[in-house]
Amino acid sequence: MFDEIVNAVSVAASLPGDRVRCLLALFASYPLSLPLQWHPSRTVDSVTGRVDPAPAWAVRAKHAYIVVVAALLVRFCFQDLHDLANLALLPLITYGIVAHGVRTGRNYVGAVWAAVLLHMSYGHLRRQYYDYGGYSFDWTAPAMVLVIKLTQFAWAVHDQRRVDLEEDLEKKSSLSDHERRMAATMPGPLEFAAFVYFPAGLLVGPAFELADFRRFISGDVFLPPPQQLLQQKEKEESLARARSDSATEAGSGFDMDDSDAEHQGFSPVKSSGSVKEKTVVPVVMPSPLLPALRCFATALLFMGGVVVLGDRFSYARLLTPAYLAVPLPVAAADSVMSATWVVAKRFMRLQVAGFAARHSYYAVWKLAEGACIVAGLGYTSGGTWDQVTNVRIGALESAQSFKGVIDNWNIGTANWLKYSVYLRLAPSGKPTPLTTVLTYSVSSLWHGFYTGYYLTFVSGAFVTETAKTLRRTLRPRAVAAGPLAKRAYDVGGWILTQGILNYVVAPFMLLSWSDSVAVWRANYFVGHFAMVVAVAACAVLGRPPRSMTATATPVVAKVSSSPMAAAAPFATGNVFLSGAAPEFTIDREAVRRAAAERVASVSPPPGGRRRGGSPRAARVVL
């Protein structure tokens, strides 16, 4: 029966059967996620506001349910036993390594990294050998998600050991806030399997941390802070006392009981001495209906775009003799303008291909995000549902800089490379060439071994540096020239960003060296030449005067993305993922300017001292 449904949908939507199975599994995860919305009530200490842990039986029941559902969906998606075996093998190896390391006290993080990257590399190479250039949906797609989860899991357990050791020795913590927040104790086999194989995020992401998964399963993420619980309880008790006093004064004979304390869900729990010690509080999950529907509707919209545009305007459709012809097939009598028009049409066709290619990523990412939200995964303590957001479509499509593209594309993978690779290799926050190379290497192994990926990586690095140069040179001049010039700068930035994005990622979609270079050659390497011309023009213009830079908002310290981050805006051929390796840099010139202005503002006037101040100028340490 299922095979007939898959075949019918495949024919109707003109999609391969393996992708149809993936989409149907994602659709099925919506109703299958509904039981995870249930959370039993919790008890709160009336004095400290401490919330007791969720009942163990409820947590285990959810874990078991997740594992059963995941097994059914994985079996539906993958018919080959080789796929199933590899999806089971990688988590088993990782759990064994970490469990042995916890038991023996040895460092195991390096062994986990080696195991997952070797296994991932095997999958990429095998796929590239047997299905070169293919886009079939096999086990390597969810394996890329597993690599993220398993390495994050290894770091989380490792960090918890460090937390426990530092507390025992009463040492000052050496962990960052993020590391302490994501630290987690070693899970049991059932909890580990539920975390790794969570159905809504297994096939195409999103990945998430073990600590976030535990807060979602227990319902802790939906509980207010302890202080707020105490304030709410005191308010309810005051209301109950007021009602009791009012009833007594009225002579109604009404005797106040505990039922009034149950207002808005609070229920007192008495000890043997009839003293209130605990308060029962229901775990109320905010309605996920609107954010889930928003994701679902967005996914359907871009699925329609895949059906309408996906095949007709794909990058592969550019590999025709007419498009690839060089030199241009124009008659001798034709003017240079005619040749320019042909190149312009080719470049515009390239833009349509890039926009069409993003539709499939938008569709599956938003579909998976909506399924996670239905279950309750994705809610933050700030009251938003964006914890598992993988792409911000509006911000990406309207980005006025390449950094804006990177910051809003495959956010989960970018965070993984940032917190699990880059910052682990540079704990002091100071990047080194080795840090950059190693982060780049991890991103490369994770993506695969097609030469087209690396053409995009290297070109993206040049795009990032060129964008920085253009911003430093042009933006202060545009801001100083007035609102109209600033508006023109913003519009120009958007056009250049979208144009170079679709040009640079062409090899990522074409995969092979020959096809990638052929498409670039057909466009006369216009993107690369434009970057060279832009850098040369900025060198001629020089840095803007200091008066102009003061007009623009100064940025003393900023977070930017490393070259390899910009170089990987798309994912491997068969999975809807990509990564970015963030890098922290400091604009030292802006620091010096700000320091000079600070010194000038606090220095005493000539021949005297500031009223109420020190006769010496303030010292600014850079």
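Predicted model: local features only at pLDDT ≥ 70, side-chain atom pairs only at ≥ 80, totals over all residues.
Local features require pLDDT of at least 70 and side-chain atom pairs pLDDT 80 or more, whereas totals for chains, interfaces and linings use all residues. Residues are numbered from 1 along each chain as its sequence is written, and side-chain values use heavy atoms, with hydrogens and water left out.

**Overall fold**

- The secondary structure of the protein consists of 26 helices and 5 strands. Helices (H or I, at least four residues) and strands (E, at least two) are DSSP runs, numbered from the N terminus.
- The protein has 622 residues, of which 47% count as buried. Buried means under 20% relative accessible area, exposed over 50%, and partly exposed in between (1.4 Å probe, protein chains only).
- Among contacts in the protein with a separation of 6 or more, 74% are between residues 24 or more positions apart. A contact means heavy atoms within 4.5 Å.

- Helix 8 (residues 189–196) is largely enclosed by the rest of the structure, because 6 of its 8 residues are buried.
- The buried residues of helix 8 are Glu191, Phe192, Ala193, Ala194, Phe195 and Val196.
- The cover over these buried residues includes helix 3 (56–77), helix 4 (81–104), helix 6 (140–169), helix 9 (199–202) and helix 10 (210–218).
- His63 lies in helix 3 and is buried, with a relative accessible area of 5%. Not counting residues up to four places away in sequence, His63 touches Leu190, Glu191, Ala194, Phe213 and Ile217.
- In the loop between helix 9 and helix 10 lies Pro206. A cis peptide bond joins Gly205 to Pro206, with omega about 5 degrees.

**Second largest pocket**

- The second largest pocket has a volume of about 950 Å³. Of the 41 residues that line the second largest pocket, Leu15, Arg19, Val306, Gly310 and Ser360 are the closest to its centre.
- On a 1 Å grid over the protein atoms alone, a pocket is an open set of points where a 1.4 Å probe fits, with protein on both sides within 12 Å along at least five of seven lines; lining residues have an atom within 4 Å of a point. Grid points are joined across faces, edges and corners, and a volume is the space filled by probe spheres set on the points.
- Helix 1 (2–13), helix 2 (17–33), helix 12 (289–310), helix 14 (336–375) and helix 21 (506–510) each supply at least two lining residues of this pocket. Helix 14 gives the largest share, 8 residues.
- By class, the lining of the second largest pocket contains 29 nonpolar, 9 polar and 3 charged residues. Ala, Val, Leu, Ile, Met, Phe, Trp, Tyr, Cys and Pro count as nonpolar, Asp, Glu, Lys and Arg as charged, and the others, Gly among them, as polar.

**Aromatic rings and charges**

- The count of aromatic pairs is 33. Rings of Phe, Tyr and Trp (its six-membered ring) pair if their centres lie within 6.5 Å.
- One aromatic cluster is formed by Tyr132, Tyr440, Tyr450, Tyr453, Tyr454, Phe457 and Phe508.
- Arg424 lies over the face of Trp155, at 4.1 Å from the ring centre, and Arg346 lies over the face of Tyr323, at 5.7 Å from the ring centre. A charge sits over a ring if NZ of Lys or CZ of Arg is within 6 Å of the ring centre and within 35 degrees of the ring normal.

**Individual residues**

- Ser459 belongs to helix 19 (residues 451–481) and counts as buried at 4% relative accessibility. Leaving aside neighbours within four places in sequence, Ser459 is in contact with Val504, Trp520, His528 and Met531.
- Asn410, in the loop between helix 16 (402–407) and helix 17 (411–425), has a positive phi near 45 degrees, in a residue other than glycine. Asn410 counts as buried, at 0% relative accessibility.
- Phe525, in the loop between helix 22 (513–522) and helix 23 (526–541), has a positive phi near 50 degrees, in a residue other than glycine. Phe525 is partly exposed, with a relative accessible area of 28%.
- Ala414 is placed in helix 17 and counts as buried at 13% relative accessibility. The C-alpha atoms of Ala414 and Ser443 are separated by 9.8 Å, with the two residues 29 apart along the chain.

Technical notes: Phe/Tyr/Trp six-rings, centres within 6.5 Å; stacked < 30°, edge-to-face > 60°.
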